[in-house]
Amino acid sequence: MFGHLDQAVNAYHLLASDQPSPSVWYQKAARSLIAHGRYQEAADEYVRALDVSADNRAARRYFLAALATLQAGGLLDQAMALAERRQDPFLHSDAILYRLMNLARAANKPRRAAFYASRLLRLESSPGSVP
């Protein structure tokens with residue numbers, strides 16, 4: 001069963017490499033992987049979509065989808081690591097700051113949650129001030 005899924009994901013990658021909108025194919029791969037409980041791999045597909053995304057709205061959507069996928073799979077440490085690696089372009093968005101704050105709370109990272117809350121309330125402006 002997983003062999004067919006892997007073949008489908010590979011086919012989506014081939015289609016993505018040959019299309020003007022590759023993010024659509026990475027998103028399809030992610031959804032297929034989620035349906036089979038392969039959350040880390042699905043999040044990786046959303047990150048691929050994020051990397052080739054042509055506009056900020058789509059990039060934001062794929063970033064949030066990757067985080068939600070990891071959280072749904074109970075992979076909170078991986079979700080936090082992804083957030084910390086890829087958050088910088090999105091720290092101006094209140095919606096994303098709110099989502100990151102809640103993710104940090106769920107991951108039992110109170111210092112990170114406080115950092116995002118401070119950014120959300122505009123109390124602190126330095127992304128590197130909290131480890």
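Which residues of α6 are buried? Keep that in mind while the view is set up.

**Before you start**

This is a predicted model, in which local features need pLDDT of at least 70, side-chain atom pairs count only at pLDDT 80 or more, and totals for chains, interfaces and linings use all residues. Residues are numbered from 1 along each chain as its sequence is written, and side-chain values use heavy atoms, with hydrogens and water left out.

**Stop 1: the whole chain**

Show the chain as a cartoon. It has seven helices and zero strands. Helices (H or I, at least four residues) and strands (E, at least two) are DSSP runs, numbered from the N terminus. In sequence order the pattern reads α-α-α-α-α-α-α. The C-alpha trace spans about 50 × 30 × 20 Å along its principal axes.

Colour by accessibility next. Of the 131 residues, 40% count as buried. Buried means under 20% relative accessible area, exposed over 50%, and partly exposed in between, with a 1.4 Å probe and protein chains only. Then turn to contacts (heavy atoms within 4.5 Å). Among those between residues at least 6 apart in sequence, 49% join residues at least 24 apart.

**Stop 2: helix α6**

Select residues 94–106. This is α6, with 13 residues. From first C-alpha to last, α6 reaches 18 Å, close to the 18 Å expected at 1.5 Å a residue. The expected span is 1.5 Å times one less than the number of residues.

Now the opening question. Ile96, Leu97, Leu100, Met101, Leu103 and Ala104 are the buried residues of α6. They lie on the same side of α6, because they cover an arc of only 165° around the axis. The arc is that of the directions from the helix axis to the C-beta atoms.

**Stop 3: α4 beside α6**

Hide everything but α4 and α6. Their axes come within 12 Å and cross at roughly 15°. That angle makes α4 roughly parallel to α6. Angles under 35 degrees count as roughly parallel, over 145 as roughly antiparallel, 65 to 115 as roughly perpendicular and the rest as oblique. Axes are lines fitted to C-alpha atoms, for helices over the stretch in contact, and angles run from 0 to 180 degrees between N-to-C directions.

The α4 and α6 crossing is left-handed. A crossing is left-handed if the near helix is turned anticlockwise from the far one by less than a right angle, and right-handed if clockwise. Show side chains at the contact. From α4 come Arg60, Phe63, Leu64, Leu67, Ala68 and Gln71. From α6 come Ala95, Ile96, Arg99, Leu100, Leu103 and Ala106.

**Stop 4: Phe63**

Centre on Phe63, in helix α4. Is Phe63 buried or exposed? Phe63 counts as buried, because its relative accessible area is 1%. Leave aside neighbours within four places in sequence. Phe63 is then in contact with Leu50, Leu82, Ala83, Arg86, Gln87, Phe90, Ile96 and Leu100. Draw a distance to Leu14, 49 residues away along the chain: the two C-alpha atoms are separated by 22 Å.

**Stop 5**

Move to α5. Ala79, Met80, Leu82 and Ala83 are its buried residues. They share the same side of α5, because their arc around the axis is only 160°.

The axes of α3 and α5 come within 12 Å and cross at roughly 10°. The two helices are therefore roughly parallel. α3 passes α5 in a right-handed crossing. Gln40, Val47, Leu50 and Asp51 of α3 make the contact with Gln78, Leu82 and Arg86 of α5.

**Stop 6: Asn108 and α7**

Select Asn108, in the loop between α6 and α7. Its phi is positive, near 60°, in a residue other than glycine. Most residues other than glycine have a negative phi. Asn108 counts as exposed, because its relative accessibility is 64%.

Finish on α7. Its buried residues are Arg112, Ala113, Phe115, Tyr116, Ser118 and Arg119. What covers them includes α5 and α6. After α7 comes Arg122, with a positive phi near 65°.
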